[in-house]
Amino acid sequence: MKNSSFKEIEKIITGAKKILAVSHQAPDGDAIGSLAAFGFYLQKIKKPHYLLCVSGVPESLKFIPGAARIKSKHPKNPFDLIVGFDYGSKIQLGIESYLKKYPKIPILIFDHHLTADQAADFGIIDSSYTSAVELLYDYLKAINLKIDKKIAYALVVGILSDTGFFKYSNNSKSMETAADLTKRFNIKPVEIDNKLNGQLKIAAAKLLGEILSRVKHHHKGDFVYSWVERKDLKKHRLTTDDINENISILLKNLKDGRFSLFLTEKSEGKVRGSLRSRPDKNYNVAKLAMKLGGGGHKYAAGFRVKGTIDSALKLVAKYAKK
Ligand SMILES: [Mn+2]
């Protein structure tokens, strides 16, 4: 796919009769923020649409304006355009059965993941953007859409979430965009931080303690890792959403290893891996994730494999060998 221009994208969007907009499952602030902001844009131009994220909007992201409009069930009827946000690879959208039923619907993409298997027909994939919302913002600016506070708020959540409040990003453009939007619409970053990061449950803090107590440095592969099993989550009555962000940050901040790995037992025989690195460690986890059938960004990526925590660990060690 060759990247489209904003003008071409506008033509495709305005030319569609009704649009199905989708973002990736296990969504973050960027996925929900971009989808919600896009929904408000479609409302403004009076375009019939359906907003979809198949795993639903997690509790911690329901404060984003427009999040309540996002559905988790596939629509029943065909649409004439799918617009996908922030998804990296087609499987992350979770709409295989819908696409099987309606294989001819073209896909337009707004993504900042490395080019992988997004399977889009047109749109923009540009990994120089630190978030998908910024790409959407540039589009909205290019078509002269009048942004309101709800759109601005959803965009700012996406920027702050994907840059970790500018801890993960070297890109001053995201700071400028966030500064501009927060100033113009009186949006308070601390309020967003409290909502995004200030919701940790005591049970989750205890489980994080257990997970941290088993952190190890894999010397051969030179990475640090830990894991969580289903029985741990069950014991504390938690879901992976309750711990994911926090554990990733803690592991990423370890001094040892070229990168960190966090393994989650998703269901019997299915394991998800989350990979993190940093500019000072200069290890590209997206490349490693791709070898494992996943994808992502240079310093934050993930994959899903069949097997056990142990077999997944061995697989990562094999591909990470220096
Ligand atoms: Mn993103």
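How far apart do the C-alpha centres of domain 1 and domain 2 lie? In this predicted model, where local features need pLDDT of at least 70, side-chain atom pairs count only at pLDDT 80 or more, and totals for chains, interfaces and linings use all residues, the distance is 26 Å. Residues are numbered from 1 along each chain as its sequence is written, and side-chain values use heavy atoms, with hydrogens and water left out. The protein chain is divided into domain 1 (6-196) and domain 2 (202-320), with bounds from an automatic or database domain assignment.

Nine residues from domain 1 and 10 residues from domain 2 form the contact (heavy atoms within 4.5 Å). The two domains bury about 810 Å² between them, 57% of it on carbon and sulfur atoms; buried area is the accessible area (1.4 Å probe) that two parts lose on being put together, summed over both. Of the area that domain 1 buries against domain 2, His113, Leu114 and Tyr168 supply 51%, more than any other three residues. The side of domain 1 that touches domain 2 has four nonpolar, five polar and no charged residues. Between the domains there are zero salt bridges (a side-chain nitrogen of Lys or Arg within 4 Å of a carboxyl oxygen of Asp or Glu).

Both domains give residues to the lining of the second largest pocket, so this pocket lies between them. The lining comprises 13 residues, of which Gln25, Ala26, Pro27, Ser55 and Asp241 lie nearest the pocket centre. By class, the lining residues are four nonpolar, five polar and four charged. Here Ala, Val, Leu, Ile, Met, Phe, Trp, Tyr, Cys and Pro count as nonpolar, Asp, Glu, Lys and Arg as charged, and the others, Gly among them, as polar. A pocket is an open set of points on a 1 Å grid over the protein atoms alone, where a 1.4 Å probe fits, with protein on both sides within 12 Å along at least five of seven lines; lining residues have an atom within 4 Å of a point.
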